[in-house]
Amino acid sequence: MAAAVENLEADDASAKPRGSRAGVRNPDTYNIFQWNQKQLTLAAPTSSEYKLSMKRIDNIVQTIHGETPSTGLGICVMQEVNAGGGGEAALNLVVTKLNEKKFHTDRGNVFDAQCSGVVNPMVVRNQEKFGIIWNKRLFGELHATEEFAGFLLLTEGLDPVDGKRVSIEEKDYIVQLGKASINLNRARDTWKQIRIDGKINEMVPQFDRMPVLFSFTPPGFGKDLHLLVSHSSIKEHQNIVETVFLQEICAQAAAQGEYVILLGDFNVDEADVNRLWDTQEDLNEANEELDHGLDETALLSDTKTSFLQHYYRAVNKAHPTNTYPFMSGLTAEPAHNDDIWLPKMTDPFHMDAPSGNRQPGKVVRIPKEILEQWDKTTQTYFDAIGGLHAEKKKVSRNKLNGLLARSWSDHRPLIVSLKKT
């Protein structure tokens with residue numbers, strides 16, 4: 001049976017659930033990272049990008065280890081791992097470097113990595129996978145089947161095995177997640193109504209990128225831990241229907257006692273959909289600008305309410321998850337697109353309430369060493385173009401931002417620190 005759901009406001013940082021402290025306490029901290037990369041890859045040794053890609057891997061290791069110097073990494077989930085061989089090679093090299101740190105070897109920590117299948121096989125360019133790095137001492141082995149080696153692609157309208165497009169009506173309405181049976185009738189009816197009845201031409205009959213499920217049974221827990229990972233669409237209505245599916249899956253799983261952490265780049269600000277995630281924002285009654293008359297309140301309220309009854313946002317929504325203010329561009333703005341959503345149930349994990357300056361769930365600052373590297377590389381860039389006022393030379397703001405992304409990322413990582421209840 002699921003642990004009792006506490007009556008908590010989803011976005012109230014002071015109302016985070018606490019677990020029972022009675023009995024023997026587990027001294028381990030289970031740190032979980034969410035980090036969207038920028039086409040993570042390890043360039044070939046003959047490539048001009050090789051040294052920069054190697055430096056990036058060092059910077060990623062430094063950032064992960066720097067945030068967990070006394071407790072160690074538990075899990076790090078990444079989006080935008082390049083679907084070519086260089087993406088998995090980069091992820092494996094991060095693992096190798098983490099396993100070489102004496103702190104980890106002294107504690108018996110051993111890290112491993114797994115990439116999902118391609119999450120957007122319908123596109124030709126910029127195919128991506130999701131990657132996960134985990135501490136085997138803390139979490140054990142990934143669940144695996146004969147069909148899916150350590151991950152499960154959850155999707156709508158696209159067969160994850162052979163990439164065959166199918167109609168919404170042809171797909172099964174039930175998804176099994178652990179012991180929970182998830183009924184997706186309402187989600188699929190909503191998708192169909194928005195896409196067909198609403199005449200929203202920007203939408204397609206499948207996720208832009210399929211969400212991925214990673215599952216563990218951590219040693220000594222007797223209960224599964226699931227991570228549902230997403231990289232949502234930047235188009236508003238496509239994002240809305242994808243969000244409905246994610247929220248339905250998580251809310252129903254939690255109601256049936258499954259502990260599912262929802263994390264990823266949900267493009268909340270990019271697609272302007274914070275109203276689906278925030279108790280303080282109302283859904284639109286109708287969108288007169290697009291002249292389709294869809295009533296979001298009628299279509300989405302039940303799903304949103306159910307999700308927020310079972311989940312809370314683990315990091316401060318006011319903090320940008322892009323690299324703002326360290327961005328070049330006249331229109332650069334702070335954006336909170338990435339999130340970690342935790343179940344309110346406290347079995348088998350809980351997150352400590354904030355204490356003083358200690359925030360157990362947070363958006364990570366860009367390390368000063370990374371910013372210093374970026375500053376040096378930008379000076380080299382300005383030297384190469386001949387100065388700011390060189391004739392017929394233009395400063396590329398995308399190039400300057402890319403220098404930071406290619407040596408670190410264009411998203412900040414998020415981290416939550418969980419304890420065994």
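Asn267 is found in the loop between β10 (259-265) and α7 (296-310). Helices (H or I, at least four residues) and strands (E, at least two) are DSSP runs, numbered from the N terminus. Phi of Asn267 is near 50 degrees, a positive value in a residue other than glycine. Asn267 counts as buried, at 6% relative accessibility. Buried means under 20% relative accessible area, exposed over 50%, and partly exposed in between (1.4 Å probe, protein chains only). The model is predicted: local features need pLDDT of at least 70, side-chain atom pairs count only at pLDDT 80 or more, and totals for chains, interfaces and linings use all residues. Residues are numbered from 1 along each chain as its sequence is written, and side-chain values use heavy atoms, with hydrogens and water left out.

Asn126 also has a positive phi, near 55 degrees, and is a residue other than glycine. Its place is the loop between β3 (111-115) and β4 (128-135). A cis peptide bond runs from Asp347 to Pro348, with omega near 15 degrees. Pro348 lies in the loop between β12 (338-343) and β13 (349-351).

The strand β4 is largely enclosed by the rest of the structure, because eight of its eight residues are buried. In a regular strand the side chains alternate between the two faces of the sheet. From β4, Glu128, Phe130, Ile132 and Trp134 point one way. Lys129, Gly131, Ile133 and Asn135 point the other way. Two strands pair if DSSP finds at least two bridges between them. β2 and β4 run antiparallel and are joined by six bridges. Within this pairing, Asn82 has Glu128 of β4 as its bridge partner. β3 also pairs with β4 in the antiparallel sense, over five bridges. There, the bridge partner of Asp112 in β4 is Trp134.

β8 (212-216) is likewise largely enclosed by the rest of the structure, because five of its five residues are buried. Val212, Phe214 and Phe216 point one way from β8, and Leu213 and Ser215 the other way. Strand β5 (residues 152-153) pairs with β8 in the antiparallel sense over two bridges. Leu153 stands opposite Val212 of β8. β8 and β9 run antiparallel, joined by five bridges. Ser215 has His226 of β9 as its bridge partner.

A search of the whole structure finds 16 aromatic pairs. Rings of Phe, Tyr and Trp (its six-membered ring) pair if their centres lie within 6.5 Å; planes under 30 degrees apart count as stacked, over 60 as edge-to-face and the rest as tilted. The pair of Trp191 and Phe245 is edge-to-face, because the ring centres are 5.4 Å apart and the planes stand at 85 degrees. Trp191 lies in helix α5 (residues 185-197) and Phe245 in helix α6 (residues 236-255), so the pair ties together parts that are 54 residues apart in sequence. Trp191 counts as buried at 0% relative accessibility. Phe245 is buried too, with a relative accessible area of 2%.

Phe221 and Phe349 form a tilted aromatic pair, 5.1 Å centre to centre and with 40 degrees between the planes. Phe221 lies in the loop between β8 and β9 (225-231), and Phe349 in strand β13, so this pair ties together parts that are 128 residues apart in sequence. Both Phe221 and Phe349 are buried. The charged end of Lys420 sits over the ring of Phe221, 4.6 Å from its centre. A charge sits over a ring if NZ of Lys or CZ of Arg is within 6 Å of the ring centre and within 35 degrees of the ring normal.

The largest pocket has a volume of about 1,400 Å³. Of the 49 residues that line the largest pocket, the closest to its centre are Lys38, Glu80, His231, Asp410 and His411. On a 1 Å grid over the protein atoms alone, a pocket is an open set of points where a 1.4 Å probe fits, with protein on both sides within 12 Å along at least five of seven lines; lining residues have an atom within 4 Å of a point. Grid points are joined across faces, edges and corners, and a volume is the space filled by probe spheres set on the points. α9 gives the most to the lining of the largest pocket, with five residues. The lining residues divide into 12 nonpolar, 20 polar and 17 charged. Ala, Val, Leu, Ile, Met, Phe, Trp, Tyr, Cys and Pro count as nonpolar, Asp, Glu, Lys and Arg as charged, and the others, Gly among them, as polar.
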